[in-house]
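User: I have a model open and want to go through part of the fold with you. Can you take a look?

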Amino acid sequence: MRRLTRCAALAALCVALAGCGIRTTSVPVDAGAAPSRVPCELPPQDSTGEAAPGVPLQVYLVCGAQLVPVDRAVRIAEEKLSDRVRVARTLLEELKTEPSDEEKQAGFSTDVRETLAVSGARKGDPREALRLSSQPEDLPTHALAQIVCTYADSAAAGADRSVLLGGPSDDAVRGYQCTAALKARPESVLPTLGEIRPSR
């Protein structure tokens, strides 16, 4: 009789739980905190103040494993924009600069080394060529992608927006292009135009 009573009570309890839509589990469940999202966006700059003379610069930083353009307050005089090497050096300095606290909070970082330098074309190079102090293929992939996309959107690029980069060796410079695929996957950076030599 006791067994029958217990079975009946257990059956009634199961029916009640099923009616409430509650499913039992033998393993404790911890959903944890909601996943955080990196914004990769900066608040708009206050334009009420007096702007510095010149043209504002834009660089590509790493955010969420992608390349995202960021405006920088440093400016270069408009008459200097035709000086490809000067523009390239100014942009490289910005890429080497540690992101501001505001940029860090938004998820931005840079992989470009502080010791990297850039110079103009040497004898035998195309006029648009730029020479880095390290071989491009020896740089971290994200750093090279940052440089390529930053230069491609500036006066440091060639007429077709390609970027001709070489290193300190005597190897010929190679052409790079900043594509949507490269911005999405900076680790896939490769020369897209092969070796570039001046036309004879």
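User: In what sense do strand 4 and strand 5 pair, and over how many bridges?
Analyst: Strand 4 and strand 5 pair in the parallel sense, over 2 bridges. Strands here are DSSP E runs of at least two residues, helices are H or I runs of at least four, and both are numbered from the N terminus. Two strands pair if DSSP finds at least two bridges between them. L130 stands opposite L165 in strand 5.

User: What does the chain pass through from strand 4 to strand 5?
Analyst: Helix 4, residues 141-152, and this β-α-β crossover is right-handed. Right-handed means that, with the strands pointing away from the viewer, the path from the first strand over the helix to the second runs clockwise.

User: Is helix 4 buried or exposed?
Analyst: 11 of its 12 residues are buried, so helix 4 is largely enclosed by the rest of the structure. Buried means under 20% relative accessible area, exposed over 50%, and partly exposed in between, with a 1.4 Å probe and protein chains only. H142, Q146 and Y151 are among the buried residues.

User: What about strand 5, which residues cover its faces?
Analyst: V163 and L165 lie on one side, L164 and G166 on the other, and all are buried.

User: And which way does strand 6 pair with strand 5?
Analyst: Strand 6, residues 173-176, pairs with strand 5 in the antiparallel sense over 3 bridges. The two form a hairpin with 6 residues between them. The bridge partner of V163 in strand 6 is Y176.

User: Which backbone oxygens lie by its side chain?
Analyst: The backbone oxygen of G167 lies 2.9 Å from a polar atom of the R131 side chain, and that of S169 lies 3.0 Å from one. Beyond four places in sequence, R131 touches residues including D125, D171 and V173, where contact means heavy atoms within 4.5 Å.

User: How were the atoms and residues handled?
Analyst: This is a predicted model: local features need pLDDT of at least 70, side-chain atom pairs count only at pLDDT 80 or more, and totals for chains, interfaces and linings use all residues. Residues are numbered from 1 along each chain as its sequence is written, and side-chain values use heavy atoms, with hydrogens and water left out.

User: What is the mean pLDDT, and where does it stay under 50?
Analyst: The mean is 80, and 72% of residues reach 70 or more; pLDDT is the predictor's confidence in each residue, from 0 to 100. It stays under 50 over residues 13-36, for which the model has 2 contacts beyond four places in sequence. Where pLDDT is low, the predicted coordinates should not be read in detail.

Technical notes: A polar contact is a pair of N or O atoms within 3.5 Å; within protein, one must be able to donate a hydrogen and the other to accept it, and residues adjacent in sequence count only if both atoms are side-chain atoms.
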